[in-house]
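This report describes selected features of one protein structure, for use alongside the sequence and coordinates.

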Amino acid sequence: MKKWIILLILLIPTIVNAEFIGVMGSINPETMIDLKDDFIGGSLESGEIGKLGWSFTGTNAVASHVASPTGNNPGIKGLATEAVINSPAILMLANGVTDTTFLPTSLFDVTYIVNVGSIAGIKVRVGVSNDWTNYTNSVRGAWFVFNTGATDEGSSVTKWATVTRNASTTTFNNTTIANVSAGSTVYKLRIVRTSATAIDFYIDGVLMFTHSTNLPSAAVLPGIYVESLAAVTPKSINIDYFRLKLSVSR
């Protein structure tokens with residue numbers, strides 16, 4: 001009996017180290033960043049939203065806690081504009097709309113789970129960009145766009161469209177999924193840089209397009225942009241989940 005106790009004591013450091021190596025082996029912090037946010041924690045103050053401390057801006061823009069539409073996906077934050085035409089509200093993973101944080105030339109994988117509050121007179125952009133002030137200010141990035149009040153790149157955007165942009169030149173594709181719906185319809189939007197020459201766009205796990213032109217070549221930051229294109233009611237978007245995996249070298 002004493003021999004078994006002694007053997008167990010000797011094995012404890014090995015067991016602990018094995019668990020430590022197993023956990024660290026899945027994501028090596030020296031080669032991979034893995035950021036996740038379920039938006040359960042945090043306040044509604046800019047710089048304190050969610051676990052990662054998102055900031056938001058926009059004249060009279062409002063952040064809010066949003067109840068789960070199904071009861072099994074807690075932690076949803078809302079972002080709304082004021083009821084003024086062309087008023088924006090921006091949520092970004094930085095202190096400001098141009099505070100770029102990573103190079104998109106590295107392999108990256110970014111996912112947002114969102115739903116929109118209205119599909120009338122609204123413009124939404126979700127992804128990574130160098131400047132979240134508005135569409136025209138952005139010189140580079142990769143994002144999904146949805147715009148029911150006007151056109152983008154000469155196309156009506158009643159469905160999610162995919163965009164890569166570099167040096168103010170754009171590659172644009174309208175997806176084939178059904179028109180964007182308001183309310184409880186949730187969209188999982190994912191953008192993956194798979195190589196130096198390709199960025200994939202997925203909606204709800206389905207590959208929509210692979211872009212090979214106008215891929216962003218300088219620093220960007222994650223963000224969400226919503227704009228009211230009518231002067232009647234505020235326009236809003238809700239975010240339930242965010243994840244960014246990024247290849248790094250330390």
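## Charges over aromatic rings

In this predicted model, the side chain of Arg-125 lies over the face of Trp-143, at 4.6 Å from the ring centre. Arg-125 also lies over the face of Tyr-225, where the distance from the ring centre is 5.6 Å.

## Strand pairing around β11

Strand β11 (residues 187-195) pairs with strand β6 (residues 108-116) in the antiparallel sense, over six bridges. Strand β12 (residues 198-203) is likewise an antiparallel partner of β11, again over six bridges. β11 and β12 form a hairpin, with two residues between them.

## Aromatic pairs and a ring cluster

The model contains nine aromatic pairs. One of them joins Phe-144 and Trp-160 in an edge-to-face arrangement, at 6.4 Å centre to centre and with 80° between the planes. Phe-144 belongs to strand β8 (residues 141-152) and Trp-160 to strand β9 (residues 155-166), so this pair ties together parts that are 16 residues apart in sequence. Both Phe-144 and Trp-160 are buried.

Trp-160 also pairs with Phe-146; this pair is tilted, at 5.7 Å centre to centre and with 50° between the planes. Because Phe-146 lies in β8 and Trp-160 in β9, the pair ties together parts that are 14 residues apart in sequence. Phe-146 is buried, as is Trp-160. Ring pairs link Phe-144, Phe-146 and Trp-160 with Tyr-187 and Phe-201 into a cluster.

## The largest nonpolar core

The largest nonpolar core has 42 residues, of which Phe-108, Tyr-112, Val-124, Trp-160, Ile-237 and Phe-242 touch the most other members. At least two residues of this core are supplied by each of β5 (87-92), β6, β7 (122-129), β8, β11, β12, β14 (221-228) and β15 (236-247).

Residues up to four places away in sequence aside, Phe-108 touches Phe-102, Val-128, Ile-191, Val-192, Arg-193, Ile-199, Leu-244, Lys-245 and Leu-246.

Val-126 is part of strand β7. Its relative accessible area is 0%, and Val-126 is therefore buried. Apart from neighbours within four places in sequence, Val-126 is in contact with Tyr-112, Trp-132, Trp-143, Phe-144, Leu-189, Ile-191, Gly-223, Ile-224 and Ile-237. Val-126 and Ala-142 are 16 residues apart in sequence, and their C-alpha atoms are 8.6 Å apart in space.

Asn-238 is found in strand β15. Its relative accessibility is 14%, so Asn-238 counts as buried, given that the cut-off for this class is under 20%. With neighbours within four places in sequence left aside, Asn-238 is in contact with Val-66, Ile-76, Lys-77, Gly-78, Ile-113, Val-114 and Asn-115.

Terms used: Residues are numbered from 1 along each chain as its sequence is written. This is a predicted model: local features need pLDDT of at least 70, side-chain atom pairs count only at pLDDT 80 or more; totals for chains, interfaces and linings use all residues. Side-chain values use heavy atoms; hydrogens and water are left out. Two strands pair if DSSP finds at least two bridges between them. Helices (H or I, at least four residues) and strands (E, at least two) are DSSP runs, numbered from the N terminus. Rings of Phe, Tyr and Trp (its six-membered ring) pair if their centres lie within 6.5 Å; planes under 30 degrees apart count as stacked, over 60 as edge-to-face and the rest as tilted. Buried means under 20% relative accessible area, exposed over 50%, partly exposed in between (1.4 Å probe, protein chains only). A charge sits over a ring if NZ of Lys or CZ of Arg is within 6 Å of the ring centre and within 35 degrees of the ring normal. A nonpolar core is a set of buried Ala, Val, Leu, Ile, Met, Phe, Trp, Tyr and Cys residues joined through side-chain atoms within 4.5 Å. Contact means heavy atoms within 4.5 Å.
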